[in-house]
Amino acid sequence: MPREDYQTQLEDLRENVLYMSEVVMERLRLGLNALEQKDRELAHEVIEGDDEVNELYLSLEKDCIDLFALQQPVATDLRMIAASFKIITDLERIADLAVNLGEYTLEADHDVFPEVDIQELGTLTLDMLEVTMDAYAEENSEDCYAVADRDEDLDNLCERASALVVRDLIETELEENTEAEIERLLQDVSRLLLTIRDLERIGDHAVNIAARTFYMVENDDELIY
């Protein structure tokens, strides 16, 4: 295959990874909106849209494998393809977590612990993901560090939110509730804790993408380990 075609394939791979990231971020936004608005129709849209992400993932996986097998890339090109292969895996998992948000929306029928700001956590995770994908697009290693640093803020917010939920549950006078009310409360608490956990995991995937981007740009695995 002529060198010109090979370079076009590399450029197309990068553009398609960025397109996949845009689709995934939109799914995450919709999932957060569905939770906030208790919008069941929007929740179904997020869940049903997962097929598109899976198809994108499989197509890009094939592109990466073909480039490895047919072109035997080295140096910068090898790092770019390898990083892209890892990044699409993180993006696919983020989309799965967005689906979880849609499912939580369908299961919830009222607010619990309104003092826990899920949207604040969601906004932070989205911002981290946007910054890390911009870093990938622009080969900006400094922004990779910025995303890794912000993950500590997200972890702290998630830890405080989880502690608040558990504290409030402990302080609730459960003996004054019926068995059915207690069961519903425990289900609500479980769902909220899972939501917090999933948003924290999205942040972790954003850090993974930043780490792979840093390796791609700098040939340095510092952020990976």
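Reader: How much helix and strand does the chain have over residues 20-104, and how far apart are the end C-alpha atoms?
Author: Over residues 20-104 the chain is 93% helix and 0% strand, with its end C-alpha atoms 24 Å apart. Helices are DSSP runs of H or I with at least four residues, strands are runs of E with at least two, and both are numbered from the N terminus. Please keep in mind that this is a predicted model: local features need pLDDT of at least 70, side-chain atom pairs count only at pLDDT 80 or more, and totals for chains, interfaces and linings use all residues. Residues are numbered from 1 along each chain as its sequence is written, and side-chain values use heavy atoms, leaving out hydrogens and water.

Reader: How many helices and strands are there in the protein chain?
Author: The protein chain has 7 helices and 0 strands, and its pattern along the sequence reads α-α-α-α-α-α-α.

Reader: Which residues of helix α2 are buried, and what puts them on the same side of α2?
Author: In α2 (residues 40-48), the buried residues are Leu42, Ala43 and Val46. They span an arc of only 105° around the axis, so they sit on the same side of α2; that arc is taken from the directions between the helix axis and the C-beta atoms. On the other side of α2, Glu41 and Glu48 are exposed.

Reader: Which residues touch the most other members of the largest nonpolar core?
Author: That core has 62 residues, of which Val17, Met20, Leu91, Val116, Met133 and Ile196 touch the most other members. α7 gives the most to this core, with 13 residues. To be called a nonpolar core, a set must consist of buried Ala, Val, Leu, Ile, Met, Phe, Trp, Tyr and Cys residues joined through side-chain atoms within 4.5 Å. Apart from it lies another core, of 6 residues, including Leu30, Ala43, Val46 and Ala98.

Reader: Which residues is Ile196 in contact with, leaving aside its neighbours within four places in sequence?
Author: Contact means heavy atoms within 4.5 Å. With those neighbours set aside, Ile196 is in contact with Val116, Ile118, Leu121, Cys158, Ala161, Ser162 and Val165.

Methods: Buried < 20%, exposed > 50% of the residue type's maximum accessible area, 1.4 Å probe, protein only.
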